[in-house]
Amino acid sequence: MYEIEVKILDINREEVERRLLSLGAKKVFDGEVHALYFDSADHSIRDKKDTLRLRRTGEKTALTFKKHVENPDFKVREEKEVEVSDFGIMQSMLESMGFSVWLEMKKNRTTYAIEGLHFEFDKYHGQYEFIPEFLEIEAADAEQIYKYVELLGLMKEDCKPWDALQVAEYYAAAG
């Protein structure tokens with residue numbers, strides 16, 4: 001499965017949520033997300049811009065591998081994901097296989113869904129709490145993203161193809 005996403009910074013959450021609800025979006029998640037990012041000792045995963053992530057979203061835990069797909073306008077990844085029953089045991093297994101955590105991120109996330117798209121309001125805490133809340137839009141195709149960007153009263157030019165670390169770099173430089 002391919003995921004296509006953008007991030008939109010400096011949003012008015014109340015206004016965006018109001019518009020999402022008026023379009024028929026449903027809230028499908030509101031809670032904490034805890035993610036650990038793994039790499040091998042030779043950094044071969046990050047060197048290819050790929051991702052190996054263990055993430056707990058509420059009560060659900062998933063192990064995900066994301067293969068980077070080059071695209072200047074969107075963050076695109078070929079994603080393979082499997083649900084696992086225990087976050088701690090899976091972390092221990094990955095570490096036993098020689099992978100180590102290179103990044104840990106925690107955030108509060110509120111997710112709305114409509115027509116197969118996800119609209120996620122993310123607010124990081126811990127070492128990344130300096131990042132203001134932003135909106136991430138994820139879909140199976142780019143046209144759907146742009147359709148909803150317009151319906152929400154946002155602009156295509158505000159869509160960033162960034163990952164979380166690029167968002168952090170942007171705000172750290174602005175800070």
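**Around helix α1**

Guide: Let's start with a helix. The cover over the buried residues of α1 includes β6, β7 and β8. Keep in mind that this is a predicted model.

Visitor: Which residues of α1 are the buried ones?

Guide: They are Val16, Glu17 and Leu20.

Visitor: What makes them line one face of the helix?

Guide: Look down the axis of α1: the buried residues fall within an arc of 100°, so they sit along one face. As a general point, an α-helix has 3.6 residues a turn, so residues three or four places apart point the same way. On the face of α1 turned away from the buried side you'll find the exposed residues Glu14 and Ser22.

Visitor: Why is Glu17 called buried?

Guide: Buried means under 20% relative accessible area. Glu17 has 15% relative accessibility, so it counts as buried.

Visitor: What does Glu17 touch, leaving out residues up to four places away in sequence?

Guide: Thr110, Tyr112 and Phe121.

Visitor: And what is found at the two ends of α1?

Guide: At the start, a side-chain oxygen of Asn12 comes to within 3.3 Å of the backbone nitrogen of Glu14. After the helix comes Gly24, with a positive phi, near 100°.

**The cores**

Visitor: How many residues does the largest nonpolar core have?

Guide: It has 25 residues, and Ile8, Leu20, Phe74, Phe119, Leu135, Ile137 and Ile145 are the ones with the most contacts inside it. Elements giving two or more residues to this core include α1, β1 and α4. The biggest giver is α4, with five residues.

Visitor: Which residues does Phe74 contact, leaving aside its neighbours within four places in sequence?

Guide: Among them are Ile4, Val6, Ile145 and Pro161.

**Salt bridges**

Visitor: What about Glu81 and Arg53?

Guide: Their side chains meet in a salt bridge at 3.8 Å, N to O. Glu81 lies in strand β5 and Arg53 in strand β3, so the pair ties together parts 28 residues apart in sequence. At 41%, Glu81 is partly exposed, whereas Arg53 has 5% relative accessibility and is buried.

Visitor: Are Asp122 and Lys107, which meet in a salt bridge, buried or exposed?

Guide: Both are buried. Their salt bridge is 3.2 Å, N to O. Asp122 is in strand β7 and Lys107 in strand β6, so this pair ties together parts 15 residues apart in sequence. Salt bridges with shared partners also join Glu5, Lys7, Lys75, Lys107, Arg109, Glu120, Asp122 and Glu136 into one network.

Visitor: How many salt bridges are found in the whole structure?

Guide: The search finds 19.

How values were computed: Residues are numbered from 1 along each chain as its sequence is written. This is a predicted model: local features need pLDDT of at least 70, side-chain atom pairs count only at pLDDT 80 or more; totals for chains, interfaces and linings use all residues. Side-chain values use heavy atoms; hydrogens and water are left out. Buried means under 20% relative accessible area, exposed over 50%, partly exposed in between (1.4 Å probe, protein chains only). Contact means heavy atoms within 4.5 Å. A nonpolar core is a set of buried Ala, Val, Leu, Ile, Met, Phe, Trp, Tyr and Cys residues joined through side-chain atoms within 4.5 Å. Helices (H or I, at least four residues) and strands (E, at least two) are DSSP runs, numbered from the N terminus. A salt bridge is a side-chain nitrogen of Lys or Arg within 4 Å of a carboxyl oxygen of Asp or Glu. The arc is that of the directions from the helix axis to the C-beta atoms. A polar contact is a pair of N or O atoms within 3.5 Å; within protein, one must be able to donate a hydrogen and the other to accept it, and residues adjacent in sequence count only if both atoms are side-chain atoms.
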